[in-house]
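Hi everyone, and thanks for coming along.

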Amino acid sequence: MTEMRVLGVRLELPGNQPVLLLRELHGARCLPLWIGSAEATAIALQQQGVRSPRPMTHDLLKDVILALGRTLEQVRITALHEGTFYAELIFDGDVRVSARPSDSVALALRAGVPIHAEESVLAEAGVLLPEEQDDEDEVERFRNFLDSVSPEDFGGGESR
């Protein structure tokens, strides 16, 4: 397992498809995930610290988990089959729930838990980006990366 961090969500042009980019916490590999608009919005709003007056779906899920006395310990991106990514929510007591990676990341950001990716997923779909110098350079490299790839480069499927 490799711990990942969320770089951000951007729109892939010209199709305006949201792409979530995760990067190894200690490394240069990135994992691009094409996601849905609702999940992209949920991730971006959480990263920007925007709070809605009423709980959004991922906020509600976090609240339900807490109300039931459970603890989300981590999120794992576990597999890539025919262009579709798979993830698991890992709870206390080693309880595992299958989930879409986009929902898993949105929940992980709200719960403040780590995001991990299986080495096999990174080996198949990870891309190398040069080591980062600062946030502006990283954002620019991310934009350049998005300009040069498409979902077909990673099996053509959606990660939702």
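Let me start with one word we'll need: a residue counts as buried when its relative accessible area is under 20%, and as exposed when that area is over 50%. Please also keep in mind that this is a predicted model.

Now the overview. The protein has 5 helices and 8 strands. Reading from the N terminus, the order of the elements is β-β-β-α-α-β-β-β-α-β-α-β-α. There are 160 residues in the protein, and 45% of them count as buried. If you take the contacts in the protein with a separation of 6 or more, 57% of them are between residues 24 or more positions apart.

Let's zoom in on helix α3.

Let's pick out Leu107, which sits in helix α3. Leu107 has a relative accessible area of 1%, and the cut-off for buried is under 20%, so Leu107 is buried. What does Leu107 touch, if we don't count residues up to four places away in sequence? The list is His58, Leu61, Lys62, Ile65, Leu72 and Leu89. There is also Ile43, which is 64 residues away from Leu107 along the chain, yet the C-alpha atoms of the two are separated by 8.5 Å.

Next, the partner helix. Helix α2, residues 57-67, packs with helix α3, residues 101-111, at an angle of about 60 degrees, and their axes are 9 Å apart. The crossing of these two helices is right-handed. On the α2 side, the contact is made by His58, Asp59, Leu61, Lys62 and Ile65. On the α3 side, Asp103, Ala106, Leu107, Arg110 and Ala111 take part. Sorted by class, the residues of this contact are 5 nonpolar, 1 polar and 4 charged.

Now let's turn to the pockets. The residues that line the largest pocket include Leu45, Gln46, Asp59, Lys62, Asp63 and Arg110. Two elements, α1 (37-47) and α2, each give two or more residues to this lining. The largest share comes from α2, with 3 residues. By class, the lining has 4 nonpolar, 2 polar and 6 charged residues.

Finally, two residues in loops. Glu82 has a positive phi of about 50 degrees, although it is not a glycine. You'll find Glu82 in the loop between β4 (72-81) and β5 (84-91). Is Glu82 buried or exposed? With a relative accessible area of 78%, Glu82 is over the 50% cut-off, so Glu82 is exposed. Asp94 is not a glycine either, and it has a positive phi of about 60 degrees. Its place is in the loop between β5 and β6 (95-99).

Conventions: Residues are numbered from 1 along each chain as its sequence is written. This is a predicted model: local features need pLDDT of at least 70, side-chain atom pairs count only at pLDDT 80 or more; totals for chains, interfaces and linings use all residues. Side-chain values use heavy atoms; hydrogens and water are left out. Axes are lines fitted to C-alpha atoms, for helices over the stretch in contact, and angles run from 0 to 180 degrees between N-to-C directions. Helices (H or I, at least four residues) and strands (E, at least two) are DSSP runs, numbered from the N terminus. A crossing is left-handed if the near helix is turned anticlockwise from the far one by less than a right angle, and right-handed if clockwise. Contact means heavy atoms within 4.5 Å. Ala, Val, Leu, Ile, Met, Phe, Trp, Tyr, Cys and Pro count as nonpolar, Asp, Glu, Lys and Arg as charged, and the others, Gly among them, as polar. On a 1 Å grid over the protein atoms alone, a cavity is a set of points where a 1.4 Å probe fits but cannot get out, and a pocket is an open set with protein on both sides within 12 Å along at least five of seven lines; lining residues have an atom within 4 Å of a point. Buried means under 20% relative accessible area, exposed over 50%, partly exposed in between (1.4 Å probe, protein chains only).
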